[in-house]
Amino acid sequence: MKYWSFMDYYTEKDEKNLIEEWYKRQGENVQAEFDTVLNILAGTQDWNRREEFFSPLKRKHTGLYEIRFKIGNVR
């Protein structure tokens, strides 16, 4: 069961989908790890139990979260 929906971030200026652009530049192993983390978080009702995968942003970005994972030299 999915508890969350994830939305991409678009810049206001030129309406670019920065996450999609980054994702396309990554190798299959990085894409697979990113997809895995998103699926884990989507199925996690209480994110406080999965803090290794996310971090809430602060100040002007309050309400947004950073998705965290590491594979090789990619963060």
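## A loop residue to start from

Let us begin with glutamine 45, which sits in the loop between H2 and S1. The model you are looking at is a predicted one. With a relative accessibility of 56%, glutamine 45 counts as exposed, because the cut-off for exposed is over 50%.

Which residues does glutamine 45 touch, leaving aside its neighbours within four places in sequence? They are Tyr3 and Trp4.

## The overall picture

Now step back to see the whole protein chain. It has two helices and two strands, and from the N terminus on these elements follow the order α-α-β-β. Along its principal axes, the C-alpha trace spans about 35 × 30 × 25 Å.

The protein chain has 75 residues, of which 21% count as buried. If you take the contacts between residues at least 6 apart in sequence, 44% of them join residues at least 24 apart.

## How the two helices meet

Helix H1 covers residues 18-25 and helix H2 covers residues 28-42. Their axes are 8 Å apart, and the helices pack at an angle of about 135°. H1 and H2 are therefore described as oblique to each other. On the H1 side, the contact is made by Ile19, Trp22, Tyr23 and Lys24, while H2 brings Val30, Gln31, Phe34 and Asp35.

In soluble globular proteins, nonpolar side chains tend to be buried together. Here, the largest nonpolar core has nine residues: Val30, Phe34, Val37, Leu38, Leu41, Trp47, Phe53, Phe54 and Phe69. H2 gives the most to this core, namely five residues.

One member to pick out is tryptophan 47. Not counting residues up to four places away in sequence, tryptophan 47 touches Trp4, Phe6, Leu41, Phe54, Tyr65 and Ile67.

## Aromatic rings

How many aromatic pairs does the structure hold? There are five. In one of them, phenylalanine 54 and tyrosine 65 have ring centres 5.5 Å apart and ring planes at 55°, so this pair is tilted. The pair links distant parts of the chain, with phenylalanine 54 in strand S1 (residues 54-56) and tyrosine 65 in strand S2 (residues 65-67), eleven residues apart.

Are these two partners buried or partly exposed? Phenylalanine 54 counts as buried, because its relative accessibility is 7%. Tyrosine 65, at 44% relative accessibility, counts as partly exposed. Elsewhere, ring pairs join Trp22, Tyr23, Phe34 and Phe69 into a cluster.

## A last stop between the strands

Finish your tour at arginine 59, in the loop between S1 and S2. Arginine 59 counts as exposed, because its relative accessibility is 79%.

Notes. Residues are numbered from 1 along each chain as its sequence is written. This is a predicted model: local features need pLDDT of at least 70, side-chain atom pairs count only at pLDDT 80 or more; totals for chains, interfaces and linings use all residues. Side-chain values use heavy atoms; hydrogens and water are left out. Axes are lines fitted to C-alpha atoms, for helices over the stretch in contact, and angles run from 0 to 180 degrees between N-to-C directions. Helices (H or I, at least four residues) and strands (E, at least two) are DSSP runs, numbered from the N terminus. Angles under 35 degrees count as roughly parallel, over 145 as roughly antiparallel, 65 to 115 as roughly perpendicular and the rest as oblique. Contact means heavy atoms within 4.5 Å. Rings of Phe, Tyr and Trp (its six-membered ring) pair if their centres lie within 6.5 Å; planes under 30 degrees apart count as stacked, over 60 as edge-to-face and the rest as tilted. Buried means under 20% relative accessible area, exposed over 50%, partly exposed in between (1.4 Å probe, protein chains only). A nonpolar core is a set of buried Ala, Val, Leu, Ile, Met, Phe, Trp, Tyr and Cys residues joined through side-chain atoms within 4.5 Å.
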